[in-house]
Amino acid sequence: MQIQGETSVNKLIVLFVFDKMESALSQRTIIEMCTAGNNWLNYMDCIELLPRLLDDGFLCRISSPDEEPLYTITSDGRESLSNFYINIPKSIREEISSFIKKNSGKLRNRQECKADYYQNVDGTYTVYLKILAPVQPMVELKFVVPDKKTAQNIYKNWECKASELYSAIYDTLVD
């Protein structure tokens with residue numbers, strides 16, 4: 001269900017999503033969730049809302065300048081949401097709550113776990129893996145592997161295995 005032309009309600013929808021996710025979100029993630037993923041807002045409205053919410057002090061940027069921007073809801077944003085969330089249609093609130101309950105882990109992993117690979121001059125490949133946290137990366141790993149197929153496998157597996165690998169490394173080094 002999409003509400004068009006109701007800017008204040010649309011702002012509240014975005015704030016509600018941030019509040020329910022309880023974590024920082026990238027612009028790409030918020031747009032994907034609110035538009036293509038669920039049709040709570042139209043794409044153009046969503047694109048225009050993020051800078052407005054930043055200017056209003058309801059969202060703030062928390063990522064470092066050299067990384068993809070991450071945004072989070074501010075205390076003013078939470079206060080405004082608590083005062084006016086009733087203006088968001090109940091059906092949309094329920095849809096958002098249900099969607100986030102089912103998908104929040106997957107959405108967090110996708111934006112917190114970054115991977116890339118490139119070919120080196122000697123024909124090997126370097127795979128670069130990261131787990132991002134709001135202020136600085138929690139983990140950064142580089143692997144040099146013999147071929148593109150291995151690099152692609154590591155790249156594909158990173159998102160679903162990153163937290164497991166992080167735990168294993170942490171436990172091994174802390175013991």
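User: Is Cys160 buried or exposed?
Analyst: Cys160 is exposed, at 54% relative accessible area. Buried means under 20% relative accessible area, exposed over 50%, and partly exposed in between, with a 1.4 Å probe and protein chains only. This is a predicted model, where local features need pLDDT of at least 70, side-chain atom pairs count only at pLDDT 80 or more, and totals for chains, interfaces and linings use all residues. Residues are numbered from 1 along each chain as its sequence is written, and side-chain values use heavy atoms, with hydrogens and water left out.
User: Other topic. How many aromatic pairs are there?
Analyst: The whole-structure search gives three. Rings of Phe, Tyr and Trp (its six-membered ring) pair if their centres lie within 6.5 Å; planes under 30 degrees apart are stacked, over 60 edge-to-face, and the rest tilted.
User: What is the geometry of Tyr117 and Tyr155?
Analyst: Edge-to-face, with 5.5 Å centre to centre and 75° between the planes.
User: Where do the two sit in the chain?
Analyst: Tyr117 is in strand β4 (residues 113–119) and Tyr155 in helix α6 (residues 148–174), 38 residues apart. Helices (H or I, at least four residues) and strands (E, at least two) are DSSP runs numbered from the N terminus.
User: Which residues do ring pairs link into a cluster?
Analyst: Tyr117, Tyr125 and Tyr155. Tyr117 is partly exposed at 24%, and Tyr155 is partly exposed at 40%.
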